Amino acid sequence: MSKTTQSAFQVMQSHFFGVLSTQSQAHEGYPFGSVVPYCLDETGTPLILISALAQHTKNIQAHNKVSLTLLENGPANIQQAERLTLLADAEALDENAIEAAAQRYYSHFPDAQGYHDQLDFRFYRLTPVAMRFIEGFGKANWVSPDQVVQASPFTWEQESRMVGHMNEDHADAISHYCDLYNIPYTEQPVMCSLAAQGMVLRVDGRLHWLEFPQSVSTSKEARETLVALARQPLA
């Protein structure tokens, strides 16, 4: 990865909501923006859960070409903030993929538990076709999705076993990861997901991406990395 694509990758991994822009059906010719939470699925692409009654869902059903804008939160001068815009095709998940998607999504957003079968919410995958990455004022580049989107090396069954084991048996290690990465917490942190390059923790209701020192490709390598981090002394 180049420095630019690495930075774009980190933005995509470390954000968990963005501005979804769809083509308005109520006001033809105008874009319609809304804020949506997302997590990355096993293919490394954003997974969203949206109400069948929502305006953006109706827009997607008519025209599935959308954009999702991710914006860094922090700089006083917003033009210096990193931001990544994904141009994407929104695709409703088929029935065979919904259960795994629901488990993954609710592990990140437990307050939404049951929305898809109780409140007629639907899962959509946003498959990027192009990306515009702005690193700061005057630093804008198109980047290829193939260089930024990275599929997980684990099936959801493998991942959920590892995540469940860590939450059930190694809560102290998860707390130590927060200390290592300087993430303050008042309640027990929870691991939500694992990927080749890092893990997502939910800490006091907020999601955090923690990048591994090196990427992993097998369950054995993931376990070795987690053990090494758990044993790493604080600076």
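Which loop holds D204? The legends below answer this for a predicted model.

**View 1. D204 sits in the loop between β10 (198-203) and β11 (206-211).** D204 is not a glycine, yet its phi is positive, about 50°. Its relative accessible area is 36%, so D204 counts as partly exposed.

**View 2. N182 is another non-glycine residue with a positive phi, here about 60°.** N182 belongs to the loop that links α7 (171-180) and β9 (190-194). Relative accessibility reaches 66% at N182. The cut-off for exposed is over 50%, so N182 counts as exposed.

View 3. The lining comprises 28 residues. Nearest the pocket centre are F16, F17, R206, L207 and H208. By class, the lining splits into twelve nonpolar, nine polar and seven charged residues.

**View 4. The second largest pocket has a volume of about 270 Å³.** Here 13 residues form the lining. H165, M166, H170, R223 and V227 lie nearest the centre of this pocket. Three helices, α6 (156-169), α7 and α8 (219-231), each give at least two lining residues. Which element supplies the largest share of this lining? That element is α8, with six residues. The class count for the second largest pocket is seven nonpolar, three polar and three charged.

How values were computed:
Residues numbered from 1 in each chain as written. Predicted model: local features only at pLDDT ≥ 70, side-chain atom pairs only at ≥ 80, totals over all residues. Heavy atoms only, no water. Helix = DSSP H or I, 4+ residues; strand = E, 2+ residues; numbered from the N terminus. Buried < 20%, exposed > 50% of the residue type's maximum accessible area, 1.4 Å probe, protein only. 1 Å grid on protein atoms, 1.4 Å probe; cavity = no way out; pocket = protein on both sides within 12 Å on 5 of 7 lines; lining within 4 Å. Nonpolar A, V, L, I, M, F, W, Y, C, P; charged D, E, K, R; others polar. Points joined across faces, edges and corners; volume = space filled by probe spheres on them.
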